[in-house]
Amino acid sequence: SVIIPVYKNTNFLKEALNSLIAQTYKNFEVIIVNDGSPDFENIKKIINFFVKKKLNIKLFNFKKNRGVSAALNKAIQQSKGKYISWLSHDDLYHRDKLKKQMNVLKNNSIKICFSNFFLINSKKKVIKKININNSVFEPRHFILFRDKYNFCSALINKIIFKKVGLFDLKKKHTQDYDLLFKIL
């Protein structure tokens, strides 16, 4: 299940969904939660376009903005997949992201898989490559020192959320770090 919280700036949503259409792994659902964005009609138009392209999308709508944690939690709760992947509406996935991570999770006894990622500008020019393998510490300690683990680069077995819980609604800007600390 690929979960996408959306709030304003819906012009990026098309590109995020295009990166899902391009995936070499095809067996996934997309759950979009509109977090009270005033662009809801535009979000529906974008989604209808991609549904016609055979992307399996479910849309949930919050009438008022409740924050990214609430949107992510709703998407996780509504997901049917064994694995969860968070795609921010202004991010893109590499075409092999899901395929490679599914292979890693299926062929190893691990429950979460992170990947390298690129920071890009508005013109899609690569500003920096983040390589998660260049670490002298194990992951649970390394996140205290460097910001190399991005939740949007992860593929997570849904059982983890059942064990550690969901995103904390009280954390407005650090919900991902909070949950990542709990997971690791």
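I took helices (H or I, at least four residues) and strands (E, at least two) as DSSP runs, numbered from the N terminus. The model is predicted, with local features needing pLDDT of at least 70 and side-chain atom pairs pLDDT 80 or more, while totals for chains, interfaces and linings use all residues. Residues count from 1 along each chain as its sequence is written, and side-chain values use heavy atoms, without hydrogens and water.

**Cavity.** I found one cavity of 30 Å³ or more.

**Cores.** Next I checked nonpolar cores: buried Ala, Val, Leu, Ile, Met, Phe, Trp, Tyr and Cys joined through side-chain atoms within 4.5 Å. Buried means under 20% relative accessible area (1.4 Å probe, protein chains only). The largest core has 25 residues, and Ile 4, Leu 17, Leu 20 and Val 30 touch the most other members. Among the elements giving it two or more residues are strand S1 (2-6) and helix H1 (13-21). Another core, of 23 residues, lies apart from it and includes Ala 70, Ile 156, Phe 161 and Leu 180.

**Helix H7.** In H7 (175-183) I noted Gln 175, Asp 178, Leu 179, Leu 180 and Ile 183 as buried. These pack against H3, S4, S5 and H6, with contact meaning heavy atoms within 4.5 Å.

How values were computed
Buried means under 20% relative accessible area, exposed over 50%, partly exposed in between (1.4 Å probe, protein chains only). On a 1 Å grid over the protein atoms alone, a cavity is a set of points where a 1.4 Å probe fits but cannot get out, and a pocket is an open set with protein on both sides within 12 Å along at least five of seven lines; lining residues have an atom within 4 Å of a point. Grid points are joined across faces, edges and corners, and a volume is the space filled by probe spheres set on the points.
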